[in-house]
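The report that follows describes a two-chain model, beginning with the contact between chains and ending with single residues. Please keep the sequence and the structure in view while reading.

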Amino acid sequence: MYFIQHIESITHQDSFQKENIWDELKPLTAENQLISPDYKNYIPVAALRRLSTILRMGITASKACQEKVPNEFDSISVGTALGCLTDTEKFLVTINTVSGDVLSPTAFIQSTHNTISGQISLDLKNHAYNMTHTQNALSFEVALKDGLLCIDEGKKSVLVGAADEAIPFLERLRGSLILTHLPFTSGATFAVLSGEKGNSIAFVQACEVYFSTKSQETLVTLINQFLDANNCSSGDLDLILEARSDFRFLAKNHISFTDYTGFYQSASAFALHMANDWLIGNTDDKRILIVNNLESNKLGLTLINRNEVEA
Amino acid sequence: MRIYVTGYGVISSIGENVEETLLALKSEKTGIKQGRKPYTERFKVGEISWTNQELIERFGLTQNASRTALLGMIAAKEAFGEHELSSEVRTGLISGTSVGGMDVSEIAYKDYLKDESDDLNVYKNHSSGTTSEQIAQELGIRGYINTISTACSSAANSIMLGARMLLSGQLDRVVVGGTDGLSQFTIAGFRSLMIFDEEWCRPFDETRKGINLGEGAAFLVLETEETMRKTGKKPLAVLSGWANASDAYHQTASSPEGYGATLAMKSALKVAGLNPADIDYINAHGTATPNNDLSESHGIKTVFGSSVPPFSSTKSYTGHTLAASGGIEAVFAILALNKGILLPNLNFSQAIEETGLIPVKNYSEGHTIKHILSNSFGFGGNNSSIILSAV
């Protein structure tokens with residue numbers, strides 16, 4: 001079992017450092033901006049100036065997690081679908097517009113996907129295993145699976161998370177390459193997982209990823225097989241958090257998490273936060289399934305359980 | 001449980017398959033030369049001469065994609081070779097890449113900046129994750145697919161994650177490696193960092209100035225013993241050790257004493273259950289930047305003390321192929337294990353004053369080589385070491 005010790009999110013919701021994010025959650029509209037915490041509390045002002053949104057969010061959420069747990073992370077695993085888009089675009093503009101041989105390297109340095117996890121290790125002076133995964137809409141799930149594997153291998157305090165940032169350029173791809181009516185948003189969620197129960201109220205029971213999925217029929221079969229492998233069935237689910245709204249019929253409660261996150265491809269990380277905090281507020285509920293079908297040819301499934309009450 | 005390598009494939013500026021690669025290594029022939037593209041023609045690069053369209057035709061590829069994906073498909077197809085897909089052998093693919101489809105999206109983006117006449121369809125190849133999905137599709141792999149993007153240690157980390165996925169029983173077989181096509185983005189980026197040598201790179205040499213960039217891809221097929229009983233494949237090598245550690249010193253520079261590198265090498269030895277004295281050859285990261293080679297030398301000295309085994313950087317052959325380098329160098333290591341080869345560090349003449357370490361200078365065969373340590377270090381202080389051993 002992989003107990004959720006602490007979880008932090010910076011999103012377009014008022015979600016940072018909250019007892020229960022559901023106290024603040026509202027379905028998003030296109031007008032909702034990213035709600036940035038006071039980054040100065042986590043990042044020196046001089047450094048802050050050169051950091052893009054995705055780096056600010058990732059570093060701050062991770063540091064806020066580290067503050068809440070006693071041990072240093074012995075594994076850091078980060079997922080990002082499109083990585084550091086702001087700096088990537090900035091450097092593309094530079095190489096096409098600045099003449100001469102002397103270019104500023106900052107945007108290039110910060111354009112690499114693993115700037116997020118690297119910067120986290122730098123800021124925390126953390127020498128542990130440090131990994132960056134990028135698999136489109138399953139970027140969070142593959143990072144989470146790595147974190148779970150680290151716990152199986154004996155790691156004690158594992159940081160997993162995901163971050164993505166929106167840039168205006170994405171609007172040009174709406175309707176052709178990106179089929180969504182949701183607003184493009186930014187978000188970062190980081191969680192500390194451990195094999196020990198600690199102060200957690202819930203644990204990740206399992207996470208699985210599937211590729212080349214086709215019809216909704218196949219998806220239902222995959223979901224049922226996944227639940228079966230984890231000794232439960234759809235009747236045992238108290239809530240489904242789904243990227244779309246195809247599986248309303250499978251559980252008594254259903255929420256499309258993208259109504260709350262907007263569109264970024266690692267938004268299912270925020271669904272983990274929603275699941276954990278749902279169990280804080282809904283004391284009778286026990287089991288939540290996150291169905292990440294944001295992209296139609298792949299599927300991520302994550303099963304969250306309330307901790308057993310000890311007799 | 002041991003992890004076996006049962007297939008390998010490689011393409012780089014020194015050869016478009018394993019056989020050609022071995023011939024080039026043997027003849028001490030570098031693939032680095034004056035570039036041919038508008039953005040490489042002023043520099044010495046390890047460029048593959050074919051255009052994207054030529055690659056598709058020459059290697060019978062079924063998809064039009066970015067250069068990164070195409071090179072990946074070529075190497076992965078060679079590695080997967082006669083392996084067969086079967087529902088009884090759960091097969092995954094993990095690929096490393098640093099820039100994904102940047103080589104094509106940067107062209108579209110240039111049109112966008114000019115007059116917004118960019119072909120939006122091109123951007124579907126941009127994401128790094130998509131390059132891996134395209135490579136998997138070319139092989140028909142539909143199981144677990146993942147992409148590691150930790151800059152220059154990406155392929156080594158993919159190899160490492162593949163081994164861990166097999167050990168945990170989540171997969172029976174996994175295709176692992178990395179790929180990166182040259183792009184104007186990376187050339188300009190490394191030039192902006194002032195670690196770009198306009199002459200031939202000279203790893204571990206006192207006069208080294210920086211890297212030559214290259215492109216390429218390499219993949220290995222990893223299987224457990226149990227899987228080999230089903231597939232009937234013969235092992236080429238054992239993947240015996242792996243580790244990743246964070247230097248946590250600077251976003252692009254390595255710590256002077258090579259702290260992260262030392263951690264990675266020591267931990268990989270521990271996973272393999274080996275002592276430093278068991279290592280017969282080190283394929284160093286050796287980018288030829290002043291900072292990396294000094295830091296890595298210190299790390300090697302910390303781990304191996306006064307008896308540093310033969311070592312070299314083969315980036316003087318291929319250029320620095322970034323996310324692919326750990327895969328390409330793993331293929332070199334397997335060749336070295338099976339043929340008793342010590343691979344030379346081309347262009348070396350003068351040891352780094354501070355360390356006095358002298359790499360292997362000439363190609364030679366007939367050595368007894370049981371264990372090879374291969375280092376890959378990336379931006380963000382991401383340090384990885386893997387150990388390949390004779391079967």
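Two residues are taken to be in contact if their C-beta atoms, placed from the backbone, lie within 7 Å. The model is a predicted one, in which local features need pLDDT of at least 70 and side-chain atom pairs count only at pLDDT 80 or more, while totals for chains, interfaces and linings use all residues. Residues are numbered from 1 along each chain as its sequence is written, and chains are lettered from A and ligands numbered from 1 in the order in which they are written.

**Contact between the chains**

Between the two chains, 45 residues of chain A are in contact with 45 residues of chain B. Two or more residues on the chain A side of this contact come from each of α3 (85-97), α4 (106-109), α5 (115-124), β3 (129-133), α6 (139-152) and β6 (202-211) of chain A, where helices (H or I, at least four residues) and strands (E, at least two) are DSSP runs numbered from the N terminus. The largest share of that side, six residues, is given by α5(A). Sorted by class, the side of chain A that touches chain B holds 20 nonpolar, 21 polar and four charged residues; here Ala, Val, Leu, Ile, Met, Phe, Trp, Tyr, Cys and Pro count as nonpolar, Asp, Glu, Lys and Arg as charged, and the others, Gly among them, as polar.

A residue is called buried if 20 or more other C-beta atoms lie within 10 Å of its own, exposed if 12 or fewer do, and partly exposed in between, with C-beta atoms placed from the backbone. The radius of gyration is taken over C-alpha atoms, and the globule rule is 2.2 Å times the number of residues to the power 0.38.

| Chain | Secondary structure | C-alpha box along the principal axes | Buried residues |
|---|---|---|---|
| Chain A | nine helices and ten strands | roughly 65 × 45 × 35 Å | 55% of the 311 residues |
| Chain B | twelve helices and twelve strands | roughly 60 × 50 × 40 Å | 64% of the 391 residues |

Chain A comes to nine helices and ten strands; its radius of gyration of 19 Å is close to the 19 Å that the globule rule gives for 311 residues, so chain A is as compact as a globular protein of that length. Chain B comes to twelve helices and twelve strands; its radius of gyration of 19 Å is close to the 21 Å given by the globule rule for 391 residues, so chain B is as compact as a globular protein of that length. In chain A, residues 24 or more positions apart account for 72% of the contacts with a separation of 6 or more.

**Domains of chain A**

Chain A is divided into domain 1 (2-194) and domain 2 (202-306), with bounds that come from an automatic or database domain assignment. The contact between these domains takes 44 residues from domain 1 of chain A and 32 residues from domain 2 of chain A. On the domain 1 side, β1 (2-10), α6, β4 (158-164) and β5 (187-194) of chain A each supply at least two residues, and the largest share, seven residues, comes from α6(A).

Strand β5(A) has eight of its eight residues buried, so it is largely enclosed by the rest of the structure. One side of β5(A) carries Gly187(A), Thr189(A), Ala191(A) and Leu193(A), the other Ala188(A), Phe190(A), Val192(A) and Ser194(A), and all of these are buried. Strands are said to pair if DSSP finds at least two bridges between them. Seven bridges join β5(A) to β1(A) in the antiparallel sense, with Phe190(A) as the bridge partner of Glu8(A); β4(A) also pairs with β5(A) in the antiparallel sense over seven bridges, and there Leu159(A) stands opposite Val192(A).

**Tyr281 of chain B**

Tyr281(B) is found in strand β9 (residues 281-283) of chain B and counts as buried, with 25 C-beta neighbours inside 10 Å. The C-alpha atoms of Tyr281(B) and Ser312(B), which are 31 residues apart along the chain, are separated by 8.2 Å. Leaving aside neighbours within four places in sequence, Tyr281(B) is in contact with residues including Pro309(B), Phe311(B), Ala336(B) and Ile369(B).
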